[in-house]
Amino acid sequence: MSAEEPENADEEDEDIRYFVRIGQTDLDGTKSVERSLTEMKGIGRRTARIIADKAEVDRRATFGALDEDDIDDIVSLVEGYADEVPEWLSNHRNDFFAGETTHEVGNDLELTRRQDINRMKMINSYKGVRHKRGQKVRGQRTKSTGRTEGTIGVNVEAIKEEQAEEAAAEDDE
């Protein structure tokens with residue numbers, strides 16, 4: 001094995017950016033545009049497809065092989081996604097403090113979600129009380145699911161061990 005590069009190396013492989021950074025997230029440049037965008041929190045398949053269409057980029061193209069201009073267009077569309085789409089497609093509608101509709105991605109999504117839950121807990125809303133207790137929040141059944149105490153049935157082995165200990169204690173007396 002020599003340290004030289006093989007003679008039949010493709011020039012396309014040299015132009016690929018293996019990591020594309022959007023916000024605080026590194027995306028895989030070897031995957032397609034749609035697939036690599038879905039690796040970000042807050043962006044699903046539908047959102048990734050909309051972003052690729054708005055940037056006029058083939059969604060099946062390799063993300064790292066795109067031109068810098070195309071990547072910059074995608075980055076700007078991800079950051080300004082809430083302005084480009086209808087309000088019902090955004091993931092954080094009617095913010096409590098600002099009243100604005102935004103689309104959060106990456107770590108901002110987790111931070112915003114945690115702040116919303118903490119606010120609900122502080123004001124003792126119904127959902128906040130359910131979060132405090134660790135119970136289901138969105139109206140799911142709780143009679144048969146969501147049990148946190150472990151097994152409900154009888155533990156026969158534990159009963160036999162207790163009986164054996166009691167018998168041993170009675171024999172010692």
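**A guided tour of selected residues**

At 74% relative accessibility, glutamate 56 counts as exposed, because the cut-off for that class is over 50%. The model in the viewer is a predicted one. The phi angle of glutamate 56 is near 55°, a positive value in a residue other than glycine.

Next, select asparagine 94. This residue is placed in the loop between α5 (81-84) and α6 (107-122). Although asparagine 94 is not a glycine, its phi is positive, at about 50°. Its relative accessibility is 54%, so asparagine 94 counts as exposed.

Then move to glutamate 34, which is part of helix α2 (residues 33-37). Is glutamate 34 buried or exposed? Its relative accessibility is 13%, and glutamate 34 therefore counts as buried, since the limit for that class is under 20%. Show the neighbouring side chains as well: leaving aside residues up to four places away in sequence, glutamate 34 touches Arg45, Ala48, Arg49 and Arg59.

Finally, select Val154, Val156 and Ile159 and switch to a surface display. These residues form a nonpolar patch on the surface, and their accessible area together is about 280 Å². Within this selection, valine 156 belongs to helix α8 (residues 156-172). At 48% relative accessibility, valine 156 counts as partly exposed, because that class lies between the limits of 20% and 50%.

How values were computed. Residues numbered from 1 in each chain as written. Predicted model: local features only at pLDDT ≥ 70, side-chain atom pairs only at ≥ 80, totals over all residues. Heavy atoms only, no water. Buried < 20%, exposed > 50% of the residue type's maximum accessible area, 1.4 Å probe, protein only. Helix = DSSP H or I, 4+ residues; strand = E, 2+ residues; numbered from the N terminus. Patch = residues over 30% accessible without salt bridge, like charges linked within 9 Å, V, L, I, M, F, W, Y side chains within 5 Å. Areas by Shrake-Rupley, 256 points an atom, 1.4 Å probe, with all protein chains shown as cover. Salt bridge = Lys/Arg side-chain N within 4 Å of Asp/Glu carboxyl O. Contact = heavy atoms within 4.5 Å.
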